Amino acid sequence: MSRLQELLEKGEFVVTAEVGPPKGADRESVEKKCAQIAGFIDAVNVTDNQTAIVRLSSFASCLIAHSMGLEPVMQMTCRDRNRIALESDFLGACALGIENFLCLTGDHQSLGNHPQAKSVFDIDSVQLLSIFRTLRDEGVFPNGEKLKGRVVAFLGAGENPFGDPVEFRVYRLMKKIKAGAQFIQTQAVFDLEAFARFMEEVCRLHLHEKVAILAGVIPLKSYQALRYMKEEVPGMVIPREVEERMKDAQDPKEEGIRLCVETIKALRSMRGVRGVHIMAVAWESVVPDIVREAGLFPRPGKEGERGEDS
Amino acid sequence: MKIRALGCERSGFPALLKAKKEGMLSVGDCLEVFSLPCLGVVSEAMLFELLKEGDLLLVVGCPPGSCYNEWGSTLAEKKIRRAQNLLDEAGVKRKILLAFATEEKIGEVAKVLQDVRVSP
Amino acid sequence: MIVGERKPIQEILAVLASSRRVLVLGCGACVTVCLSGGEREAHEVAALLNLRGYEAEYGVVERQCEKEFVMHAREAVTRAETVLSLACGVGVQTLAELFPRVPVFPGLDTTFMGAPLEVGLWEERCIGCGECIVHRFGGVCPVARCAKSLLNGPCGGSKNGRCEVRPERDCAWQLIYDRMKFLGRLEELLDIQPPKDWSPSRYGAQRKTIREDVRV
C-alpha cells in the first residue's frame, strides 16, 4: 500500500505539494525542490508537461523524488500518450516503485509552447482510471489478456469544482469515483464559499465517504501572478476580495502566504476535506513556511527528518 | 490615368453621368461608365474583369442607410474591400474606389477622386 | 459538407510561378456552398491571375471527385500548362490521377466536415470517426466538437460555455449538458463511456467502402 493511502486510511489530514520540473534535463533542479519540501509533505506530485509546455517528464522526476526518499505522485495526462503508452508507463512506474498516480485529461496543446503538435486524447481521464483499476484489481489488460505479476497503485484524479457547467461537476466526480478514483486533488481554491457549496453537494451524495478529497491551494507571489492565473490558466476563479488584498498588499509575498494559510485553515474545518494540495508554482521554497503556519508541521512519522529551512 | 466607372441604376449611375458632365471625372481619361441594378450584385470577378482596362475603377452607389435594396451598398463595400486586398496581395497595382452619392449629392465622387490625385 | 478556405493568393502565385496558361477549375458541390471554390470563385481567381499577367481560363465541373464529371473538362485541362484546382483535397487528387501529365496544384486548404449555420458561417460537426455515437450525447458529437474528444464529461477548462482553446469556441460538453437536461436525460451522462475504438477512423488505415451488390 502506498504511504499516502496508508495515511489517509489512518484518518490523517494529509499534505501534498507539487513540484514543477525544469525545462531541461537538469536533475539538480528537481532534487533541490524536493529537498526544500522534504519533511513538510506526505507526498509530492510532479506535473506532466503542464499547460502543454515541454518539461522533464513526470515519470523521470518521480524517480528522482523517490530516490531522495520522498513519496511521489505521478501525474499522467491523456494529451500526449495513447492507451498503449499510458499502460506501458504505468507498468514501468510500478516496476520502479512509484505507487501513486494522478489521472488527468491534460491542458490542450494550443495553450503551450508547441501548439503545432498533434494531440492524442485516445482516451479520457475516466477511462484511464478504469484501465488502471482493472490492471490492478483484476490483473488484466483492457483486452482481457492477463498481466504478468501484480501492480500496487493508489489512483487519483483531478477535479475543478469551479469549472462549467458547475452543476455537473459533482456528477463528473461521481463518475471518476465509479471508474476507480480513490483520491482527488482539486483546482486551487480561492473562493471558499463556492468550494463550500461544492463540498456540501459532495457530502449530500456521500461521495466524501468513497474518495479522499485534497483541496488545492496556490500561494500567490504577487499581483501579477494573480492576474496571470486569472487570465491564462483555465478553470481559475479568483474572488474580488482576494484580488484587492494582493493588489493593495505592502508585502505581496507575505500577503500571499497569509491568504494561503487562512485558506488551508478554513479548508481543514470543512467536512469531507481530507487534506490539502499545495501548488506553489515556481515557489516551492515557501512550502515549509505554509505548512508550519497552518499548523501542519511536523508530518506524521517523519520525526527526525527536517526539510531545509528557507 | 484611365478611369472606368460603375454605378447602381438608382443613384450611382445617374450621379456618375452628372459628374462626368460637370467635368469631375476629367482627373483622368474616363473610359466608360457602366450601370448595375444594385451594387449588391457586384462580385470580385466582375471588378477584376472591369479592371482589365484602365488603372482605376470607380464604383458609386446609394449611401448604405438608404440603399433601395437594404444591404446592397453594405455588401458591395465588403466585396470591394476584399477585392482590393486580393489585388494588393497579388501585387497588382490597380485601385478600386468607392463613393456613396446620388444625383443630388455628387460631392463624394469629387472627394474620392481628389484623394487619389493627392496620393496616386 | 466539406469546407475549405482559399489559400492566400501569395501562396498560389508562388506555386504557379512561371507557368503561363493556367486553368482554374472549380467544383459545383461543397466548395460552391462554402464560397471558396465554385464557378464564381474560379472566375475570380482567373481574372486576378490575368491582371497579374497570366493567361488564365476558368471552369467548373459538377463534382471534381467523380471521374465522369471531371472528364468533361478534359479539353480545357489539356489546353493548360498548369491546373489550379479549387476543389477539396479529394477533387485535387482525382484530377491529378486522371491527368498525370499535367501539374495540378491545390488552391484551397480543405479543413473540415461541417454545416453552414448562417450566411458566411460554417462550423465543424463531424470528423469521420467511423462509429457514430451522437445519440448518446443528445445529438451533439463530442468526438468532433470537443477539442479533446472527451466522452465522459467536460474538462476543467470549460468556462461560460466556452472552450479553453479559444473563447469563440463553444464547449461541446456545455452543449451536451444543456441538451440532455432539456431532454430530461441527464442521468445517462453518468454512464461511463468506454474507450473509443478508433480502428474504423482515419487512425485505422486508409478507408474504403465496398458495396458488392452494386458492382459488376
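Me: Which residue stands opposite Leu57(B) in E4(B)?
Reply: In this predicted model, Leu57(B) faces Ile96(B) of E4(B).

Me: And how many bridges join strand E3 of chain B to E4(B)?
Reply: There are six bridges between E3(B), residues 56-61, and E4(B), and the two strands run parallel.

Me: What is the order of the strands in the open sheet of chain B?
Reply: The order is E2-E1-E3-E4, four strands in total, with parallel pairing.

Me: Why is one side of E2 and of E4 in chain B left without a neighbour in the sheet?
Reply: Strand E2 (29-36) and strand E4 (95-100) of chain B each have a single partner strand, since they stand at the edges; one side of each therefore has no neighbour in the sheet.

Me: What does the twist average from one strand to the next?
Reply: The average is 20 degrees.

Me: Which strands does helix H1 of chain B touch?
Reply: Helix H1(B), residues 12-21, packs on the sheet and touches E1 (2-8), E2 and E3 of chain B. The direction of H1(B) makes about 140 degrees with that of E1(B).

Me: What about helix H3 of chain B, which strands does that one touch?
Reply: Helix H3(B), residues 72-89, also packs on the sheet, where it touches E1, E3 and E4 of chain B. Its direction makes about 160 degrees with that of E4(B).

Me: Changing topic: how many residues does the contact take from chain C and from chain B?
Reply: Twelve residues come from chain C and twelve residues from chain B.

Me: Which helix gives the most to the side of chain C that touches chain B?
Reply: That is H3(C), with seven residues. Helix H1 (9-16) and helix H3 (39-51) of chain C each supply at least two residues of that side.

Me: What is the make-up of that side by class?
Reply: The side of chain C that touches chain B has six nonpolar, three polar and three charged residues.

Me: Which chains have the most contacts between them?
Reply: Chains A and C do, among the two pairs of chains that touch. Chain A and chain B are joined by no contact, and their closest C-alpha atoms lie 26 Å apart.

Me: What domains does the assignment give for chain C?
Reply: The domain assignment gives domain 1 (2-111) and domain 2 (127-190). The C-alpha centres of these two domains of chain C are 37 Å apart.

Me: Last one: what ipTM does the predictor give the complex?
Reply: The predictor gives an ipTM of 0.91 and a pTM of 0.91. For chain C, the mean pLDDT is 95, and 100% of its residues reach 70 or more.

Conventions. Residues numbered from 1 in each chain as written. Chains lettered and ligands numbered in written order. Predicted model: local features only at pLDDT ≥ 70, side-chain atom pairs only at ≥ 80, totals over all residues. Pairing = 2+ DSSP bridges. Axes fitted to C-alpha atoms, helices over the stretch in contact; angles between N-to-C directions. Contact = placed C-beta atoms within 7 Å. Nonpolar A, V, L, I, M, F, W, Y, C, P; charged D, E, K, R; others polar. Domains from an automatic or database assignment. pLDDT = per-residue confidence, 0-100.
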